[in-house]
Amino acid sequence: MSELNFVPEEGVAGKFISCIRDENGIMKDIQFQNTENFNFAFDVVDALGKKCPGKTAMLHISKEGRERNITFKDMMEYSSRTANYLQFLGIKKGDRVLVVLKRHYQFWFTVIALHKIGAVAIPASYLLVKKDFEYRFRAARIDGVISTSDGDVSKEIDKALKSYEGIKTKVLVGGVKAGWNSYNREIKYFSREFPRPANAACGEDPSIMFFTSGTTSYPKIAAHSFTYPLGHYITAKEWHQVDPDGMHFAISDTGWAKAMWGKLYGQWLCEAPIFTYDYDEFFAKEILAMLEKYKITSFCAPPTVYRVLVHTDLANYNLSSLKNVTTAGEALNPEIYNKFYNATGLKIMEGFGQTESTLIAGTLKGMEPRPGSMGKPNPLYDISIMKPDGTNCIAGEVGEICIKTSEAIPKGLFLGYFFDEERTSQVWHDGFYHTGDTAYMDKDGYLWYVGRVDDLIKSAGFRVGPFEIENEIMKLPYVLECAVTSIPDKIRGQAIKASIVLTDGIEATDILRKEIMKFLRGNMASYKRPKVVEFVKSLPKTSSGKVRRAEIKENDWNKDESKNGKN
């Protein structure tokens, strides 16, 4: 196809994004233009503040139930006020600012304000404690911190700052505290206008950095440029399928990259309102009631949430406003997909991506989902499934998901790990970014997740991925969630263990364990069956909700070393 086939998208996105679509409107290819000066704050938020000032940008519900209808004009003006305020406090272009604001509406004002200043926003979870903040301050060389006044967050930050002297300013949102500037008290004194500076940060300048989940090691810091939001256009338009006249609700804490997937960039590029509930604790019935009350049209949540929802009586809620539901963060078990579909008639559109990227693969608009598959490659990325020797896998063969970068670096892929050339070069070499995730592609181009490279179990000469075994176990009606890992085995080298969380009211007994083992004997090849089944009350997870298989594995292998007197 020639470049003449590319047609600008509608609205504010059209200045920067053109696509090729077939006769049914299905996206086939995408290209970007005018990106060298792109800055989301000015080119999208302020542009919408002028184009449609009264249109809802975000409907925000506080944990007390207060509703705030924040328009694009509000977002433009309050982000400008915040930019003027932070600049007054000494934050300047290039500074790195840790943002720990839960789901407070001020999070959006702050991130957009930092974009306007040209400072680098670094979202962080409110669940972190002293040692976590100490690591983040040093690793990211933090210049400023903006924190919620809720709970002990600011207290933990103050503890961490006793061993770090690089902070210029501390801003507290929602309260007053000695040694901190008070956002709520002081913001009103600053102008609603923040003209675009002549030297405004833009294009490939660093814009936002995320700490990775740290499922296998200390979190890395993935740095993104100002063009990163453009990569999320497909995330919102083709995967979430947001409606400019509807309401999009994504379950995610603002401390992680997933919030940028579902609560900011792509949605506003599509001029679609977002719904935010600033809750402290997840309750399925509460979320379902909000889906019904606020007529949510598109919904995104991690598999953990769907695993809880399918054990709730969904028939009690009117979910007729929902048109599209999506999931990412971990692979979705087909059993959960089927239960949700049978209860609601909605097909969960799975997606896959990383902190280092936007949506890499997904079940996109016009694509029929296959339960357990994460869909097909995003048109934005040139994906290969590669063997360790660098050659491509054939259909059905497991390999590492790699993104070609030798000819061009796709918009949305990270710049590299901040101040860590060694780690960057370990994953980005020979013209490819190596994701560290394994999958296979079927003959129709659908991708099927297997596991992290580090999660693969080598038992009796076979390489086994945990997800396939977990899928079988999740078919059992009394299993809430599970994790499959390796344990030491004198004969095989490694054996397979299943850690299982049971649904409420189910008692963990030897009889039940034998029943599970019998079920697996009838449904899985012998080399894939767990040798050990352990019932646990919960699985270790990162604060972004991902299961820490590495922690389970490490504990088991350390126990074995201790038994052998190696500690």
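Predicted model: local features only at pLDDT ≥ 70, side-chain atom pairs only at ≥ 80, totals over all residues.

Biologist: Which residues of helix H5 are buried?

Modeller: Helix H5 spans residues 153-161, and its buried residues are Val153, Ser154, Glu156, Ile157, Ala160 and Leu161.

Biologist: Where do those buried residues fall, seen down the axis of H5?

Modeller: They fall within an arc of 160 degrees, so they line one face of the helix. In general, an α-helix has 3.6 residues a turn, so residues three or four places apart point the same way.

Biologist: And what covers the buried residues of H5?

Modeller: The cover includes helix H4 (130-140) together with the strands S6 (96-100), S8 (144-148) and S9 (169-173).

Biologist: Let us change topic. In what order do the strands S28, S29 and S30 form a sheet?

Modeller: The order is S28-S29-S30, in an open sheet of 3 strands with mixed pairing. S28 (479-489) and S30 (532-535) are the edge strands, each of which pairs on one side only. From one strand to the next, the twist averages 25 degrees.

Biologist: How many bridges join S28 to S29?

Modeller: There are 10 bridges between S28 and S29 (residues 493-502), and the two strands run antiparallel. Within this pairing, Val484 has Ala498 in S29 as its bridge partner.

Biologist: Which helix packs on the sheet, touching S28 and S29?

Modeller: That is helix H14 (residues 466-473), whose direction makes about 135 degrees with that of S28. Helix H15 (residues 510-521) lies across S29 and S30, and runs at about 135 degrees to S30.

Biologist: Now the charged residues. How many salt bridges does a search of the whole structure find?

Modeller: The search finds 39 salt bridges. One of them joins Arg370 to Asp444, with the closest N and O atoms 2.9 Å apart. This pair links distant parts of the chain, 74 residues apart: Arg370 is in the loop between strands S18 and S19, and Asp444 is in the loop between strands S24 and S25.

Biologist: What about Asp95 and Lys92: how far apart are their closest N and O atoms?

Modeller: They are 3.3 Å apart. Asp95 has 5% relative accessibility, so it counts as buried, whereas Lys92, at 46%, counts as partly exposed.

Biologist: Is Arg548 buried or exposed?

Modeller: Arg548 counts as buried because its relative accessibility is 19%, and buried means under 20%. Its salt-bridge partner is Glu551, the closest N and O atoms being 3.0 Å apart. Glu551 is partly exposed, at 31%.

Biologist: Which residues do salt bridges that share partners join into one network?

Modeller: That network consists of Lys63, Lys102, Asp150 and Asp280.

Technical notes
Residues numbered from 1 in each chain as written. Heavy atoms only, no water. Buried < 20%, exposed > 50% of the residue type's maximum accessible area, 1.4 Å probe, protein only. Helix = DSSP H or I, 4+ residues; strand = E, 2+ residues; numbered from the N terminus. Arc of directions from axis to C-beta. Contact = heavy atoms within 4.5 Å. Pairing = 2+ DSSP bridges. Axes fitted to C-alpha atoms, helices over the stretch in contact; angles between N-to-C directions. Salt bridge = Lys/Arg side-chain N within 4 Å of Asp/Glu carboxyl O.
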